[in-house]
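Subject: Structure handover and notes

Hello,

Please find the structure below. My notes on it follow.

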Amino acid sequence: MAAYVVWDWNGTLFDDVALCIQVMNGMLEKRGLPRLAGPEQYRQVFTFPVEEYYKALGFDFSREPFSQLAVEYISEYDRRALGCPLRAGAEAALAELRRRGVKQVIASASHKKALEEQVAHLGVAGYFQALLGVEDSLGRGKSGLAGDFLRQAGAGGDALFVGDTLHDFETAAALGCPCALLTGGHQARPRLESTGAPVLDTFPQLLALPQLAGR
């Protein structure tokens, strides 16, 4: 039984895919670039590092540096993010893990202040031992934050990382802990399956994993 679950936030617990598409399409329209057609295309093209996602959509960093584009995106995203809900079944899973005695942490590429505001707005802050967010808009640093927390907590590898992207799998590998990936977030199932990690469609399936069952 894992002592900790380290959750990704965006797309894993926080249902923000539609907003991400809307914000990006606004930026693409502004520059005369082709829009994302919808969630299926978005889940195929979205990737980390985030710079590669922007390049794939046609942004020209020689005209506009990525740092400038990222600030534009995050500013509009944060302005509208409090309108996003939790994913269906997410809070029930958080409550069940707490009942089982599993400690929970969020490690996110979101800015720490924005993460704290979103979690508080949705009324779920009490489920978590820590909210670990980055200090810039560039989508870097999640594994370092989670690793520092787990070492200080004395958890070692006694954790399960739950996310929705290839980057989450890579983060778990850097932490030395197993990973489970949820569909319906920011990347398509075939991409997630390429990792060899468990790929799950629902939170009940997650709760049934051997690392989490039986407490």
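Helices (H or I, at least four residues) and strands (E, at least two) are DSSP runs, numbered from the N terminus. This is a predicted model, in which local features need pLDDT of at least 70, side-chain atom pairs count only at pLDDT 80 or more, and totals for chains, interfaces and linings use all residues. Residues are numbered from 1 along each chain as its sequence is written, and side-chain values use heavy atoms, with hydrogens and water left out.

Overall

The protein has ten helices and six strands. Its C-alpha trace spans about 55 × 35 × 30 Å along the principal axes. The radius of gyration is 17 Å, which agrees with a compact globule, because a globule of 215 residues would have a value near 17 Å. That radius is taken over C-alpha atoms, and the globule rule is 2.2 Å times the number of residues to the power 0.38.

Of the 215 residues, 50% are buried. Buried means under 20% relative accessible area, exposed means over 50%, and partly exposed is in between (1.4 Å probe, protein chains only). The protein exposes about 9,400 Å², and carbon and sulfur atoms supply 52% of that area. Accessible areas come from the Shrake-Rupley method with a 1.4 Å probe; for residues, only the protein chains shown count as cover.

A contact here means heavy atoms within 4.5 Å. Among contacts with a separation of 6 or more, 66% are between residues 24 or more positions apart.

There are 21 positive and 25 negative side chains, and the centres of the two sets lie 2 Å apart. Lys and Arg count as positive and Asp and Glu as negative, while His and the chain ends are not counted. Each charge is placed at NZ of Lys, CZ of Arg, CG of Asp or CD of Glu.

S110 belongs to strand β2 (residues 103-111). S110 has 11% relative accessibility and therefore counts as buried. Its side chain makes a polar contact of 2.7 Å with the side chain of N10. A polar contact is a pair of N or O atoms within 3.5 Å; within protein, one must be able to donate a hydrogen and the other to accept it, and residues adjacent in sequence count only if both atoms are side-chain atoms. Not counting residues up to four places away in sequence, S110 touches W9, N10, L115, G133 and V134.

L115 is in helix α6 (residues 112-121). With a relative accessible area of 0%, L115 is buried. Beyond four places in sequence, L115 touches W9, I106, S108, S110, L131, L132 and G133.

Y4 sits in strand β1 (residues 4-7). Its relative accessible area is 8%, so Y4 is buried. Y4 and V102 are 98 residues apart in sequence, yet 5.5 Å apart from C-alpha to C-alpha. Leaving aside neighbours within four places, the contacts of Y4 include V102, K103, F149, L150 and L160.

R80 is part of helix α4 (residues 66-80). At 30% relative accessibility, R80 is partly exposed. R80 and L19 are 61 residues apart in sequence and 7.8 Å apart in space, C-alpha to C-alpha.

Most peptide bonds are trans. The bond joining F48 and P49, however, is cis, with omega about -5°. P49 is in the loop between α2 (39-45) and α3 (50-56).

T165 lies in the loop between β4 (159-163) and α8 (166-175). At 2% relative accessibility, T165 counts as buried. Apart from neighbours within four places in sequence, T165 is in contact with F46, F48, L181, H186, Q187 and L192.

S194 is in the loop between α9 (189-193) and β6 (199-200). With 59% relative accessibility, S194 counts as exposed. The side chain of S194 reaches the backbone oxygen of R191 at 2.5 Å. S194 and L166, 28 residues apart in sequence, are 8.7 Å apart in space, C-alpha to C-alpha.

Regards
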